[in-house]
Amino acid sequence: MAETKEVKVPDIGDFEKVDVIDVMVGEGDSIDKETPLITLETDKAAMDVPSPFAGKIKSLKISTGDKVSQGDVIATVEVEAAEAKGEGAEPEAEEAPAKEEKAEPKQDQAKQKPEEKKQEPKPAAPPQKREERHPAPGELPPIDEASFGQAHASPSVRKFARELGADLSRVEGSGRKNRITHDDVKAFVKRIMQGGSGAGGGLPAVPAVDFAKFGEIERKPLSRIKKISGPRVHASWVNLPHVTQHDDADITAMESVRQALKPEAEAHGAKLTPLAFLIKACVAALKEYPDFNSSLDTDGETLIYKKYFHVGFAVDTEGGLVVPVIRDADQKNLLEIAAELGELSDKARKGKLTANDMQGGCFSISSLGSIGGTYFTPIINAPEVAILGVSRSSVKPVFQNGQFVPRTILPLSLSYDHRVIDGASAARFTRFLAETLESMKGLIF
Ligand code: CAO
């Protein structure tokens with residue numbers, strides 16, 4: 001016997017009235033459990049809402065362009081009674097579970113009586129194991145159905161990917177808000193066919209482990225920001241040959257100047273931290289070594305030099321890492337940069353950065369100086385070709401003029417794309433940076 005059930009917009013965090021940018025099903029469609037129904041888009045991310053059960057769409061309550069909030073009804077679905085009963089036993093969905101709000105909490109099955117067990121919904125299928133056999137070069141990796149269902153792509157792109165056997169969860173989207181296009185799927189398949197690795201494709205898979213066999217576990221979905229930044233970081237890591245050059249800058253004099261300028265900065269509503277000096281010093285180094293202000297064209301054979309100086313900086317937010325960009329940093333003075341750093345960091349932490357705030361960067365800085373540590377290897381924000389990692393300064397004994405003197409030393413770590421930049425250039429770049437911070441030439445107003 002069939003039963004009609006409502007599918008509602010699941011918990012989407014603090015967002016209200018979120019745009020529906022795609023409706024992937026129509027009335028009368030037969031759907032499987034996990035079939036994506038609609039795509040929602042916030043200013044941070046886009047996500048598909050999958051159906052929590054299989055059945056037939058009886059009525060659709062939402063169209064593209066609508067705005068929805070948690071609890072709004074998306075559709076009513078005619079569900080076979082057996083299927084409807086089975087729903088309660090589903091494991092927690094990893095992402096944005098489109099679960100009915102009245103769904104019973106899971107019970108401790110060990111405490112149930114045998115007769116109650118008869119009523120139990122059929123157990124969920126065990127999680128699909130990832131193919132452990134490594135695909136041969138030129139062979140498409142198997143489709144991970146759960147992740148495929150979550151990929152941000154239109155129904156026609158999904159169909160196209162299925163026809164080609166391409167796992168959408170491995171394809172990086174170049175469309176608006178990282179939406180996967182037909183061309184992205186084609187490029188992915190082409191890369192694999194040519195023996196390339198793509199965004200994870202063709203790489204040996206990490207073996208799947210049933211952690212629950214070894215003790216208690218808890219599953220939590222990645223934050224939206226991590227879902228977006230993860231594939232980008234991965235793409236950079238697997239596509240760019242990274243090398244990290246380390247150096248130290250003596251910022252004893254710079255720190256005195258910074259302390260002296262702090263009240264003036266505060267009077268302008270800005271907090272003057274070492275990062276503002278670093279941005280100015282990086283601009284000077286980018287002008288001196290233009291290769292660092294370039295990007296490799298997609299043909300892999302041409303360098304594109306940028307005549308502007310837009311510097312990104314990593315901000316650690318609750319949801320994950322974001323990289324807002326200070327535009328035309330060469331045309332701003334130290335206090336203007338300090339003020340903009342404050343404004344953009346604040347916007348980032350409140351989740352209010354727009355896509356525009358995070359676009360157009362030429363070079364990035366990842367500063368862990370406020371936290372601690374010595375050196376690290378930052379991952380390049382591709383298609384940029386280098387990133388500067390900054391650690392915490394500390395007072396160290398430095399041998400000068402026959403004796404040890406206390407100096408404030410700032411550790412620098414520059415990761416660079418070795419296809420574009422040679423080790424010697426990287427060493428020159430970091431030396432130039434250190435010397436600029438030491439002399440402060442061109443940094444103060
Ligand atoms: N050495 C010593 N002290 C430092 C320092 C350094 N390199 N950098 C900052 N500080 C000090 C600041 O001066 C400030 O102290 P005072 O108030 O006494 O002046 C304190 O640390 C806090 O600084 P801040 O965090 O308010 O400001 P910031 O400009 O240094 O950093 C921001 C801003 C947004 C970059 C930072 O808050 C942040 O999010 N950092 C993390 C970035 C990250 O996660 N990177 C890893 C990416 S993975 O590659």
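A: The cover over the buried residues of α10 includes β9 (242-250), α7 (252-267), α8 (274-288), β16 (363-367), β17 (386-390) and β19, where contact means heavy atoms within 4.5 Å. Helices (H or I, at least four residues) and strands (E, at least two) are DSSP runs, numbered from the N terminus. The model is predicted: local features need pLDDT of at least 70, side-chain atom pairs count only at pLDDT 80 or more, and totals for chains, interfaces and linings use all residues. Residues are numbered from 1 along each chain as its sequence is written, and side-chain values use heavy atoms, with hydrogens and water left out.

The buried residues in α10 are Ala426, Phe429, Thr430, Leu433, Ala434, Thr436 and Leu437; buried means under 20% relative accessible area, with a 1.4 Å probe and protein chains only. Seen down the helix axis, these residues fall within an arc of 160°, so they line one face of α10. The arc is that of the directions from the axis to the C-beta atoms. Just after α10, methionine 440 takes a positive phi of about 60°.

Within the covering strand β19 (residues 403-417) lies isoleucine 409, which is buried, with a relative accessible area of 9%. Leaving aside neighbours within four places in sequence, isoleucine 409 is in contact with Asp248, Ala249, Asp250, Arg392, Ser393, Ser394, Lys396 and Val398. Aspartate 247 is 162 residues from isoleucine 409 in sequence, yet their C-alpha atoms are 10.0 Å apart in space.

Terms used
Buried means under 20% relative accessible area, exposed over 50%, partly exposed in between (1.4 Å probe, protein chains only).
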